[in-house]
Amino acid sequence: MGSGASRSKGIKKVCAHHRGGINWLSLSPDGKYLLTCSEDGTARLWETTGQQCFAVFQGHENYITHGHLENDVAYTCSADHTVRKWNIVTGSCTHIFRGHTSTVNKVLVTRGCVFSGSYDRTARYWSSDGGRLLQEFRGHRNSVLALAHFSSQDLQPESESDSEQNRDFLVTASSDCTVKLWLVQDGRCYHTLRGHKGAVLCMALDTPSKTLFTGSTDHTVRCWDLTTGGQTRVLQDHQGSVVCLELANRHLYTGSADRTVKSWLTASGKCVHTFKVHKHTVSTIKDHDGILFTGSGDSCARAFDTKSGALRRVFKGHSFIINCLQVHNKVLYTASHDGTMRIWDVKGLYNEKTSRGSHCAGSAGSSLAQMRKNNRVGCVQALNEPTRGRCSGEEHESGERGSLELI
């Protein structure tokens, strides 16, 4: 497959090089490169200027679940139980991180630290320069689904930041219905956050307010005090699994299997907008300069005005679920389980007056049926009315994947 144009409104390019669905899309900090991670076992590196693929990372022995892109290196993790580090100039694999005993579904790189989370119920901390295992975090009774990191200095006023020894914390969310805070240095569990009645799928850190937000298959978002580990608030308006979270400008945006996105004031927990036009689960959300972009299991991306809640535009063209999106220099990138990355010009969107957008039509039903059969990593549940997740530490990996990975 190659790349080409499309008649869809605003489309700049369709990149169809992958031979399998794209599970993740990462943007480098300097905005120069994009990384796509695919079911075909490869990752590809793209320039954001010319939108050309100039490197293919090959070596994983199974599908790639997730990735992270820095300015000079890339990291990918896979169902082959490994994490790999790549030189983006040469395209060569420089390190292989081995030790997990099941699918590695998340990799987090921050402040020189490399963390991974797996279906083997553990998270791990690795040396970035040699691939050596530095710490193992063991204690969850089921798969680790999401990762986050913060330090104690992040929670302190600048005037007090030197008054206490800085400590790094890893946050892990699991299908065992809990979230754990770990001390990175010694691997000790510092807090276990209990309250969810279903698998915890996503997290968002708001360190200025010392708050952690978690979304779950129990249809709720819960707010936690990072200093005490106590639950401070429960946001309960969703009618389906909460799949994705986005923090921006003192608002929390939550995407759900109930086909809506909700906007909440982080200070009070008040729901101020509900975005209702999606035809299936909302799988990914991204705020950019007052525009909220969403991707959905109905194969469409959408743009909303964050202040009014009005639908501004619908981006049609994908044939399966949109797993991830990025926005850079007023260009929208959407990655789908149909194996393509589509590139959209959205410059005009920021100058348009708020107007009523058209609904997304098409054969989403047949596409989603096929997606349910083939998608091994996608983050939305292929159910219109999902049931609440169960808290069981005795499920096997095959059972977990059947019920969770399409949530």
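Strand β28 (residues 291-296) runs antiparallel to strand β29 (residues 301-305), and the two are joined over 5 bridges. Within this pair, Leu292 stands opposite Phe304, a residue of β29. Both strands belong to an open sheet of 4 strands, which has the order β27-β28-β29-β30 and antiparallel pairing. The edges of that sheet are formed by β27 (282-288) and β30 (311-315), each of which has a single partner strand, so one side of each is left without a neighbour in the sheet. From one strand to the next, the twist averages 20°. The model described here is predicted, and the confidence values given below belong to that prediction.

**A second sheet**

An open sheet of 4 strands is also found in the order β11-β12-β13-β14, again with antiparallel pairing. Its edge strands are β11 (104-110) and β14 (133-138), and each of them pairs on one side only. Neighbouring strands of this sheet are turned against each other by 20° on average, if direction is ignored. Inside the sheet, strand β12 (residues 113-118) and strand β13 (residues 122-126) pair in the antiparallel sense over 4 bridges, and Ser116 stands opposite Arg124 of β13.

Asp218 is buried, with a relative accessible area of 1%, and its side chain makes a polar contact with the side chain of Thr220 at 2.7 Å. β21 then pairs with strand β22 (residues 231-235) in the antiparallel sense over 4 bridges, and in this pair Cys223 stands opposite Arg233 of β22. The hairpin formed by β21 and β22 has 5 residues between the strands, and Gly229 takes a positive phi near 80° there.

His18 is placed in the loop between β2 (11-15) and β3 (22-27). At 1% relative accessibility His18 counts as buried, because the limit for a buried residue is under 20%. The side chain of His18 is in polar contact with two threonine side chains, that of Thr36 at 2.8 Å and that of Thr42 at 3.5 Å.

Trp86 is part of strand β9 (residues 83-87), and it is buried, with a relative accessible area of 1%. Its side chain is joined to that of Thr76 by a polar contact of 2.9 Å. The C-alpha atoms of Trp86 and Tyr75 are separated by 6.2 Å, although these residues are 11 positions apart along the chain.

| Residue | Partner | Distance |
|---|---|---|
| Asp218 | Thr220 | 2.7 Å |
| His18 | Thr36 | 2.8 Å |
| Trp86 | Thr76 | 2.9 Å |
| His18 | Thr42 | 3.5 Å |

**Cysteines**

A search of the whole structure finds 0 disulfides. Cys244 is accordingly in no disulfide, and the nearest cysteine sulfur, that of Cys202, is 6.5 Å away, whereas a disulfide requires sulfur atoms within 2.5 Å. Cys244 is buried, with a relative accessible area of 10%, and Cys324 also counts as buried, at 3% relative accessibility.

**The protein as a whole, and confidence in the model**

The secondary structure of the protein comes to 2 helices and 33 strands. Of the 407 residues in the protein, 60% are buried. Among the contacts with a separation of 6 or more, 47% are made by residues 24 or more positions apart.

The mean pLDDT of the protein is 87, and 82% of its residues reach 70 or more. Two stretches call for a more careful reading. Over residues 1-7 the pLDDT stays under 50, and the model has 18 contacts beyond four places in sequence for this stretch. Over residues 378-389 the pLDDT is likewise below 50, and this stretch has 50 contacts in the model beyond near neighbours in sequence. Where pLDDT is low, the predicted coordinates should not be read in detail.

Key
Residues are numbered from 1 along each chain as its sequence is written. Side-chain values use heavy atoms; hydrogens and water are left out. Two strands pair if DSSP finds at least two bridges between them. Axes are lines fitted to C-alpha atoms, for helices over the stretch in contact, and angles run from 0 to 180 degrees between N-to-C directions. pLDDT is the predictor's confidence in each residue, from 0 to 100. Contact means heavy atoms within 4.5 Å. Buried means under 20% relative accessible area, exposed over 50%, partly exposed in between (1.4 Å probe, protein chains only). A polar contact is a pair of N or O atoms within 3.5 Å; within protein, one must be able to donate a hydrogen and the other to accept it, and residues adjacent in sequence count only if both atoms are side-chain atoms.
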